[in-house]
Amino acid sequence: MQPSGILETALYVTDVETAARFYGDVLGLECILRAGEESVFFRCGPGVLILFNAEKLKERPKSGLPIPSHGAAGPGHVCFRATRDEITEWKSHLEAHGVAIESEFDWPNGAHSLYFRDPSGNSIEFAEPKLWNLK
């Protein structure tokens with residue numbers, strides 16, 4: 001048995017409203033669900049990116065659903081798939097929105113990556129799929 005893909009990815013943020021604006025307005029992701037100041041859900045290709053406020057999760061009363069507790073401390077990481085030309089466009093777009101580029105380079109296999117931070121300090125990357133020998 002092997003999973004066929006990743007359905008959802010979660011990052012933990014300090015302020016859901018600020019994060020929602022960044023991922024929606026700057027990265028252009030479509031918000032599909034919002035749960036107050038606790039979480040926001042975005043469609044990203046065939047999957048979902050969830051942003052949780054870890055502190056609000058701790059305060060949440062049991063919902064009756066058998067969901068195990070989860071969370072993380074410190075900066076998380078997510079990498080979005082992009083072509084080299086798209087990465088060039090993303091760099092210009094991010095800089096136009098005042099987002100500092102933290103790093104940009106070519107990996108030993110020739111794949112290109114661009115790194116920056118979201119408002120909560122999470123490490124966000126755009127990279128070519130060939131980074132992992134994907135098409």
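Q: Okay, which helix does Ala 19 lie in?
A: Ala 19 is part of helix α1, residues 16-26. Keep in mind that this is a predicted model.

Q: Is Ala 19 buried or exposed?
A: Buried: its relative accessible area is 1%, and the cut-off for buried is under 20%.

Q: What is Ala 19 in contact with, leaving aside neighbours within four places in sequence?
A: With those neighbours set aside, Ala 19 is in contact with Val 13 and Leu 51.

Q: What does Tyr 23 touch, not counting residues up to four places away?
A: Quite a list: Leu 11, Gly 28, Leu 29, Phe 42, Leu 49, Leu 51, Phe 80, Asp 118 and Ile 124.

Q: How far apart are the C-alpha atoms of Tyr 23 and Leu 49?
A: They are separated by 9.6 Å, and the two residues are 26 apart along the chain.

Q: Let's zoom out. How many helices and strands are there in the protein?
A: Three helices and eight strands. In sequence order the pattern goes β-α-β-β-β-α-β-α-β-β-β.

Q: What does the C-alpha trace span?
A: About 50 × 45 × 25 Å along the principal axes.

Q: What percentage of the residues is buried?
A: Of the 135 residues in the protein, 34% are buried.

Q: And the contacts, how many link residues 24 or more positions apart?
A: Counting contacts with a separation of 6 or more, 49% are between residues 24 or more positions apart.

Q: What's the accessible surface like?
A: The total comes to about 8600 Å², and carbon and sulfur atoms account for 56% of that.

Q: Pockets next. What volume does the largest pocket have?
A: About 920 Å³.

Q: Which residues lie nearest the centre of the largest pocket?
A: Ile 6, Cys 44, Cys 79, Phe 80 and Arg 81. The whole lining is 27 residues.

Q: Which elements give two or more residues to the lining?
A: These are β1 (8-13), β4 (47-53), β5 (77-81) and β8 (123-127). The largest share comes from β5, with five residues.

Q: Speaking of strands, where is Val 78 found, and is Val 78 buried or exposed?
A: Val 78 is found in strand β5. At 9% relative accessibility, Val 78 counts as buried.

Q: What does Val 78 touch, again not counting residues up to four places away?
A: Thr 9, Leu 11, Ser 123, Ile 124 and Glu 125. Among them, Ser 123 has its C-alpha 6.7 Å from that of Val 78, although the two are 45 residues apart along the chain.

Q: How far is Arg 84 from Ala 73 in space?
A: The C-alpha to C-alpha distance is 32 Å, and the two are eleven residues apart in sequence.

Q: Last one. What phi does Asn 133 have?
A: A positive phi of about 55°, although Asn 133 is not a glycine. For context, most residues other than glycine have a negative phi.

Q: Where does Asn 133 lie, and is Asn 133 buried or exposed?
A: Asn 133 lies in the segment after β8. With a relative accessibility of 71%, Asn 133 counts as exposed, because the cut-off for exposed is over 50%.

How values were computed:
Residues are numbered from 1 along each chain as its sequence is written. This is a predicted model: local features need pLDDT of at least 70, side-chain atom pairs count only at pLDDT 80 or more; totals for chains, interfaces and linings use all residues. Side-chain values use heavy atoms; hydrogens and water are left out. Helices (H or I, at least four residues) and strands (E, at least two) are DSSP runs, numbered from the N terminus. Buried means under 20% relative accessible area, exposed over 50%, partly exposed in between (1.4 Å probe, protein chains only). Contact means heavy atoms within 4.5 Å. Accessible areas come from the Shrake-Rupley method with a 1.4 Å probe; for residues, only the protein chains shown count as cover. On a 1 Å grid over the protein atoms alone, a cavity is a set of points where a 1.4 Å probe fits but cannot get out, and a pocket is an open set with protein on both sides within 12 Å along at least five of seven lines; lining residues have an atom within 4 Å of a point. Grid points are joined across faces, edges and corners, and a volume is the space filled by probe spheres set on the points.
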